[in-house]
Amino acid sequence: MTVKWIGKRMMLGVLVLFIVSFLSFFIMHASPGSSATAYYGGNAQTLTAAEKERISKAFALDRPLPVQYGAWLKQAVQGNLGMSAGVGRPVASILGERLPNTLLLFGVSMFFIIIGSIWLGMTAGMRPGSLLDRGLSAFSIASSSIPAFWLGILFIYLFAVTLGVLPSSGTGSLGGDGGFVDKMKHLIMPASVVVLTHVGLYARFLQESVKAELGSYYVMAARANGVMEREIRRGVLRNAFIPYLNYLGVTIPSFFGGSVIVESLFAWSGLGQLLVRSVMVKDYPLLMGGIMLTGLIVVISLFVIDVLMYMLDPKLRKGELGG
Amino acid sequence: MLEAIGLSVKINGIPVVKDSSFFIPEGKITAVIGESGSGKSMTVAALLRMLPVDAQAYGEICFMGTDLLKATDEEMAVLRKRKFFTIFQDALNSFNPSVKMDRQLYAFSAGRVGDDQDSFQKKMKAILGKLNLSSEILNQYPFELSGGMLQRCMIACALYVKPALLIADEPTSALDKVVQKEFLKWLRLLNESGTTVLIITHDLDVVADAADEMIVMRKGEIVETGAVADILARPTHEYTKRLLDSRF
Amino acid sequence: MKSRKRLIFWCSLLGLILAMTIFSDLLATQPVNEMDLDSVYSPPGEGHLLGTDHLGRDVFSRLVQGGKVTLAVAGLSVALSFVIGVIYGGISGYAGGWTDSVMMRILEALISIPSLIFVLAFQAVMQGGMWGMTFIIGVTGWFTTARIIRSEFIRLKDAEYVKMAKMFGTPVWSILTGHLLRNSLPPLLVVTIFNLAGAVFIEVSLSFLGIGIPPSIPSWGNMLYNAQNDLLIGAWWIGVFPGLLIFLTILSINFIGEALKKSGRGRFHA
Amino acid sequence: MDKRKIILVLISMLLLVAVAGCGKKAAPAAKENSLIYASESEFDGLNPILEETNVDALLFRGLFRFDENNEPKADIAESFDMSDDKLTYTFKLREDIRFHDGEPLTADDVIFTIESVLDDKNASFLKSDFLEVESLKKIDDYEFELKLKRPFTPILDKLTLPILPKHAFAGVEMRTADFNSHPIGAGPYEFDRWDRGNSLTLKAYEHFHGTKPSIAKVIFKFIPDSNVRALQLASGEVDIALLDPVQVGELEKRNHVKIYNIDTADYRGILFNMQNDLWQDVRVRQAFSYAIDRKQIVKGILKGFGEEAYSPLQKHAFHNEDIETYSYDIKQAGKLLDEAGWKLADDGFRYKDGQKLSFTITAPASDAVRVNMANYVAEGYKSIGADVKVAALDWSAITIEETDAFMIGWGSPYDADHHTYILFHSEESSLTGSGYNYGSYSNEKVDALLEKGRLSMDEQERQASYMAFQEELANDPAFAFIAYVNAVYGIHGNIEGVKERTLGHHGSGFLWNVEEWKWNDR
């Protein structure tokens, strides 16, 4: 049962990646213009004829688009995403350099969002009518209505320009040989912007699902029979957590999309910044690779969330919902 | 054992139970009958002190010397834990869907009395056996069991704790006839072991089958009270008569 | 009662912003692109209500005109995604069976891709103007709409009155629009309203990054493109006003959406 | 009202946490003896004959080197002799010079470098500088002979050419050599580390033949956004940054920043791409030159840090004041367009043969000044009935040869030949040659005058050629010159030793004597 379930989820992940690659490939190559130059673009001069020949052959550049896609797919599966047109190095190695930074920002902000929203959401949901309960939904709507980049600009102005306590941008300062503390200092602002603009949303969702659970039938039955409040809460939280996780899964893609903007604003040298840049310079191989990697990260995150839900929700485990 | 004097319940100012007085004798099975909307469920909610937030109860409900409407939350909690046991209509939803039965049954029974796991396992398995339930259900989740089985689990808990007053709100309406009969049998068994039972129903068969005393409610008012045999034989109120007629 | 009052408040705030942008031609004190290098970076005050920017353009005039662009792009793209979503979700929900499951698998996959990624892919190719942007936001924003429509259609398909209509031989077309679509409107409205907020977000974000609407067209996002620079120079008014207006717009849209969601609760299965 | 308070409290709590959390960590790091330069762009490679970067001056040295007055002075060359016919030069090299890898710098290296520049396979942008070289002959390890085809005075200027180590290219093609990312030179700083996308670190070269550098490391941090550069200068994350004029006022208020407002030969103008038929008629180009309000641009966009431009040699000794300066004249512009057949229609735009007078000015998005100029000019062109759009694109997305018009920036403080021949000579078209004539500008008279200017040995004669060249260029404009832009650098106030000189385009050359700089507190 379990193996089958995991297999099914993985298949979905593969399907997602396939659709992503298919769509973005055709979107990008539908435009007129030589796709050959798109593969080595600015490096045309530095590449030898033999190298050009090799690239052209590997990616079937002289063949019709569907064949090219097939060739690209075949290369991509083998880890060869082509050469970046702008930077002139293999796409895979550029992505590899950027990945840790993105994962760091993504991981740290996700961590604080989850911790923060669980704490806020539970506390508020468990105390209906309290100040926190009433305030949270307003805070949530307000904070999620602020464009992240605008908050970021204000932060930079406040903390970097006026107070001078934090570095304005970048991934690490120079000469400070990029130690851990230094990196964290650079991480504070982008991560806080991401956390502040998202934590309310998730907290509110949890709060509402806790409230919905508290109003449910089994809670009434348990209360009427004097079951200990602690025991009731345990059950409520567990149940409220399942839709919360689901929501997390549903919103991870847009959350990830949002971090693109934050990365660019803070010159955080991660995937998001890379994606924006490759759009500007029309570096298709790099953009394509970046999109695929982003898709992969999202797919993996969704898989992790699915597994968590699977562990938490016995109905899913017992196959009641049919997957 | 329990007496309501001039009990009224208002929801947002609109009365749903009007100035009702009734008495539940100790050691008997008393049935409250009425169609939906008659106020019977609100009456139960009032005496459990579990009214919805926008509802308000007035009057007096005396249970073993305390006025339930004036009792503190702590006193009420103690009463619910020590003296009452309540079975609700929807057995399927009376249990937390994502917690295994043994944990939940423990909370509903041994947890109230203060027994440890060992004695719970021993005693509960015995009771389940009596109720024709396999002890394997302890390792299952509520959604894996049928409504009848779950209702029997509730009875099992009641049998375990032997409460002073058992309140059953439409316990059989979701069950088919055969299971219903079975359920009422266990109810009587419980009554014989000394528990006063208050059963709320819209089904006259249930009343005739199980109850000693009955209270007929209609549109928030009590229209008739008395021994089941008396009322069934000689209904005085128009509504009761109609109720009896529709039975056949 | 209280919530009703709140709804009216947010609706009138949004209405005010809308009116301001619709009548921008009347309100604007200067042509949007009129540059006056004699008064670069003048602070809010006389002559220029909200000051001027780095080319001496009037911030207030650009703000109201820019709002028109931003809201038009957002509004039209949401209309587009509404249409696509309704068609896709409608077919999937009404057809059911095999078609439905294939379409849903695809939709599920699409939903799990950050839509910003698609916007970027499109933008790399098109780098179009206002209409291009509208198109891009529209074609990448219909996923939730489709999902809602599908679940509503599935729910309503088996409703008594639909069965009746079928029995009486009402044409499919009229069942679809008259019964199914009309009855799916409340949840659809809610999701569309949230989509609107999302579309504003995407426009301002992309334009802020410099890959959205061409800089010569004033939009709220474009006005913020230089804001970081201006803030550093001390010209706070250039960044603060458009930002504030974006915030208020999205805020009121969100509050209205929340209120509608609450009033239709139980029917909303998003 | 309650809610608002809660939100306020929540937000301020979060902010407090954020501030408290970082307050401790934000303590200033130990001051290192390094210099961080906010570089406007990253380089593709560091081979100085393939690409010009502002790192060249640090990594490499040539036979000659420009001094404070932009005059070439002997550097690696110890002495030289010139034959009477001015065709043969004999150079003696210093014998104590070693490349960063320890190998001695010999005549072989010099000859190799010049030959590489001339080798078409390498497509060096410097090729036109050495076209007059007839032959190179090694006499011994530290002496060689250079023969010219014709007398060519600027040759000493050209020999500021950075010298490459021959041994580093043994058996490899120069275009793809590893050298390009791990350069070896004989300059005051040697290559240390290149963190692609972030920074390039150079460290002091202890065996440098000139003044030993005092600052241990020079780091080029790639920050394309001028705003970020200014921010980081303000916050102390970088030590030197080229500023946009509008940023100066605010940064001057910072105590630790010293502002250098340096005169440059760096002009901005609109390049007319002659590939576009629109520009074939000279009257159209003249009209668009007239319709630029340069005074306002200098005042509003440059904030006074610059001056109006009309000639590429305006900052040069051979500067010609009597040419057409195209001072702002809408009427004249309109008249010229009328004559050229572009008639004003009812919609306020001009048409000719049913075609609208319309084109796009492309500008690099990262250069705010150019974008602002383009926007301002484009808006102003409406008044003469032209529909002009602005495309602000990333540098790497720009192919100048494919634009209608480009917001160009050029200029050289050195010999008059520098940045004129390579820009305006028809053989230097970037389409057919390796020069910088991006607009394929072609004018026989200009070609002849430029050739004469570069070959003539007589100073007077040269001056006359360049004066005439300026006049001809003004009458048949390749660019609509807009303004010379001062290089305004913000530098950390504790740096000493900065020597100002007229700088080249993009303020390049500011670091020319960096080995003499030092921190007075480190």
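This is a predicted model: local features need pLDDT of at least 70, side-chain atom pairs count only at pLDDT 80 or more; totals for chains, interfaces and linings use all residues.
Between domain 1 of chain B and domain 2 of chain B, the count of salt bridges is zero; a salt bridge here is a side-chain nitrogen of Lys or Arg within 4 Å of a carboxyl oxygen of Asp or Glu. The side of domain 1 of chain B that touches domain 2 of chain B draws at least two residues each from α1 (40–48), α2 (73–82) and β7 (165–169) of chain B. Helices (H or I, at least four residues) and strands (E, at least two) are DSSP runs, numbered from the N terminus. Of these elements, α2(B) provides the largest share, three residues.

Residues are numbered from 1 along each chain as its sequence is written, chains are lettered from A and ligands numbered from 1 in the order in which they are written, and side-chain values use heavy atoms, with hydrogens and water left out.

Domain 1 of chain B and domain 2 of chain B together bury about 800 Å², where buried area is the accessible area (1.4 Å probe) that two parts lose on being put together, summed over both.

I turn now to chain C and chain A. About 3900 Å² is buried between them, with 80% from carbon and sulfur atoms. How many salt bridges does the rule find across the interface of chain C and chain A? It finds one: Glu258(C) pairs with Arg204(A), with the closest N and O atoms 2.6 Å apart. On the side of chain C that touches chain A, α12(C) gives the most, with 11 residues.
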